[in-house]
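Reader: I have a model open and have not looked at it before. Could you walk me through it?
Author: Go ahead and ask.

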Amino acid sequence: MKKHLILRFSIARIIVVLSLSFSGFLQAQTPKGKLFIIGGGDRSDALMKQVLNVADLSKKDYIVVLPMSSEEPDSSFVYFKTQMVKLTPNPIVMLNFTAATAQNKVLTDSLQKAKLIFISGGDQVRFMNVVQNTPVKTAIQKAYENGSTISGTSAGAAVMSEKMITGNQKLQKQYSGTFDNIRYDNLETTEGLGLLKTAIIDQHFLKRNRYNRLLSALVEFPALTGIGIDESTAIIVRNNQIEVAGESEVIVVRNPKGILKAQKNNLISIENLQMSIYTAGQKFNIK
């Protein structure tokens, strides 16, 4: 009898320890920070005030701008700072990382401690070529995990996803500026910052009519939620809940059913698909 009691006590203790460990694991995996993802275009003062409200800066906090997406990083920084100095007294600094400075611990520590990090527009591939597999990417991820707000516009929006749309097509090597088809194994993606793991982002969405591109993404990654953000519009991500802000709309596509891939010309069909349209103030959840 005594042996059975000891055995039951031991099993119960193991279950408690495992439960606490799993709970701690879930807490460690849940970021404390927020994402403020802008679809490109004009950024009104009202929209940028919302960024500051979400970031909830104290007097001692500072803002870091990462302009590596841009061909003209200094101009991107000046444009951002000129607008923001009217809206906040907090210091605004630029960290324009290169392959060499991406290994600088003083700079990456400063990045990680920033309460608001803003990633400029331009070319998302250019940005990731600088930060991929470097302490810069790690610093951004840790800042987000520890409670910082990560914001970005256009290319700075695209990099938020784990699966990042590059803008290129595999089956059409000559870039035409448009994505004029829906075919499987055509959308080129690469690894982004991984701050948003269950969704894939497209930007300038309605303005540049990017439905084909986002639908192609769902064919390749049917478990993800496709989010198309229009210009002058943003999504605010708090864990799995998303709120829309700004002047236009956000298109959400998910749960494709009955995907068939034809052998000829990589054409596809989808039997069923969920699509939603949201405007400022509305909220929705992702997985």
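Reader: Which element gives the largest share of the lining of the largest pocket?
Author: Helix 6 does, with 3 residues. Keep in mind that this is a predicted model.

Reader: How much space lies in that largest pocket?
Author: About 450 Å³. The lining has 18 residues, and the closest to the centre are Gln-29, Pro-31, Tyr-144, Leu-195 and Lys-197.

Reader: Which elements give two or more residues to the lining?
Author: Helix 1, residues 2-29, and helix 6, residues 135-146.

Reader: Let's step back. How many helices and strands are there?
Author: The protein has 8 helices and 14 strands.

Reader: And how much of the protein is buried?
Author: Of its 287 residues, 47% are buried. The protein exposes about 14700 Å², and carbon and sulfur atoms supply 52% of that.

Reader: What about contacts between residues that are at least 6 apart in sequence?
Author: Among those contacts, 74% join residues at least 24 apart.

Reader: Which residues are on which side of strand 5?
Author: Thr-149, Ser-151 and Thr-153 are on one side, with Ile-150 and Gly-152 on the other. Both faces are covered.

Reader: What does strand 5 pair with?
Author: Strand 1, residues 34-38, runs parallel to strand 5 and is joined to it by 5 bridges. One of the bridges links Leu-35 to Ile-150. Strand 4, residues 116-119, also pairs with strand 5 in the parallel sense, over 4 bridges. There, Leu-116 has Thr-149 as its bridge partner.

Reader: How do strand 9 and strand 12 run?
Author: Antiparallel: 4 bridges join strand 9, residues 225-229, to strand 12, residues 250-261. Gly-226 has Val-253 of strand 12 as its bridge partner.

How values were computed
Residues numbered from 1 in each chain as written. Predicted model: local features only at pLDDT ≥ 70, side-chain atom pairs only at ≥ 80, totals over all residues. Heavy atoms only, no water. Pairing = 2+ DSSP bridges. Buried < 20%, exposed > 50% of the residue type's maximum accessible area, 1.4 Å probe, protein only. Contact = heavy atoms within 4.5 Å. Areas by Shrake-Rupley, 256 points an atom, 1.4 Å probe, with all protein chains shown as cover. 1 Å grid on protein atoms, 1.4 Å probe; cavity = no way out; pocket = protein on both sides within 12 Å on 5 of 7 lines; lining within 4 Å. Points joined across faces, edges and corners; volume = space filled by probe spheres on them.
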